[in-house]
Amino acid sequence: MAETIPSLYLITPPVEQADSFAPILEAALDAGVIACVLVRLAVRDEGSAKKIIRTLAPLAVERGAAILVEGEAQWALRSGADGVHINGATGENPAPLNEAIHKMKPDYIVGVGRVKSRDEAMTFGEQEIDYLLFGEPEADGYVPEFARTLERVSWWAEIFNVPVVGYAKNVEEIEALVRAKADFVALGDFVWNNEEGPQAGVRKAMVAIEHAHARTG
C-alpha cells in the first residue's frame, strides 16, 4: 500500500493585528492544500485574542484547514477555533496539557509541541492528544537543531500511532521529513518571509513534498 503523503501545517508569526495579517494568510491558504494553521498571538488579553481568531478562522475553515490557538484552550473554545496547541507542559508540570484535554476533548483538537525528551514524548502520547510537534521555534525564536528534530520524527513515526509533525526551515529539511514519514510538515518563516511572497513559499513546499514522496515511494 502506498504511503500517505504528508500535509502542510502552517505556524503563523505572532499576530497583533488581524486585519493586516489576514490577506497574508489568505494568500498562503490559496496557494496549496493546507491541513492546519496554528495561530500564535502577540496579544495577551482575551478580547483582542478572540477578535484575531474570529477574523482568521473563517479564512482557514473556508479552505478546509483546521485552525488552532497556541496555548489558551479557553480562548480557542470561545472564539470558534478547532483546537489548541500546548507548549510548556512537561513531565513535572503536566497541568497545561491536562487542562486542555479536560476542556476540549473529545470535540476539539489538542496538540503538543516543544517536547524536550523521548520520555516526555511517550508520556504525552499516552494522553488523549491528536499529534506531537517536534522542532518548532521556541518563544525567543530559537529553532532546535534539525538533526535532532529529524531523529525524533523518525523514531516516533516508526513506533507510535499518534500523528507526528516536524518543523522545517528549508526545502532540504522538508524533503528529509517526508522521507522520515512525518504525517505533517510544519512551516513558519519559510512561508511568511519568502522573498517571492507566502504563495511561493507554499508552492515550493508542496513541490518539495511531492518530489520527496515520489522518490521515497
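Modeller: A residue is called buried when its relative accessible area is under 20%, exposed when it is over 50%, and partly exposed in between (1.4 Å probe, protein chains only). Helices (H or I, at least four residues) and strands (E, at least two) are DSSP runs, numbered from the N terminus. The model is predicted, so local features need pLDDT of at least 70 and side-chain atom pairs count only at pLDDT 80 or more, while totals for chains, interfaces and linings use all residues. Residues are numbered from 1 along each chain as its sequence is written, and side-chain values use heavy atoms, with hydrogens and water left out.

Strand 3 has a parallel pairing with strand 2 (residues 34–39) over four bridges; two strands pair if DSSP finds at least two bridges between them. Val69 of strand 3 is the bridge partner of Val39. Between these strands the chain passes through helix 2 (residues 46–61), and this β-α-β crossover is right-handed: with the strands pointing away from the viewer, the path from the first strand over the helix to the second runs clockwise.

Strand 3 also pairs in the parallel sense with strand 4 (residues 83–86), over three bridges. Here Gly83 in strand 4 is the bridge partner of Leu68. The chain goes from strand 3 through helix 3 (residues 73–79) to strand 4, again in a right-handed β-α-β crossover.

Helix 3 includes Ser79, which counts as buried because its relative accessibility is 6%. A polar atom of the Ser79 side chain lies 2.6 Å from the backbone oxygen of Trp75. Leaving aside neighbours within four places in sequence, Ser79 is in contact (heavy atoms within 4.5 Å) with Lys50, Ile53 and Arg54.

As for the wider interior, a nonpolar core is a set of buried Ala, Val, Leu, Ile, Met, Phe, Trp, Tyr and Cys residues joined through side-chain atoms within 4.5 Å. The largest has 67 residues, of which Leu41, Leu56, Leu97, Ile129, Leu132, Ile174 and Leu187 touch the most other members. Helix 2 gives the most to this core, with seven residues. Apart from it lies another core, of eleven residues, among them Leu38, Leu68, Tyr131 and Tyr167.

Conventions
A polar contact is a pair of N or O atoms within 3.5 Å; within protein, one must be able to donate a hydrogen and the other to accept it, and residues adjacent in sequence count only if both atoms are side-chain atoms.
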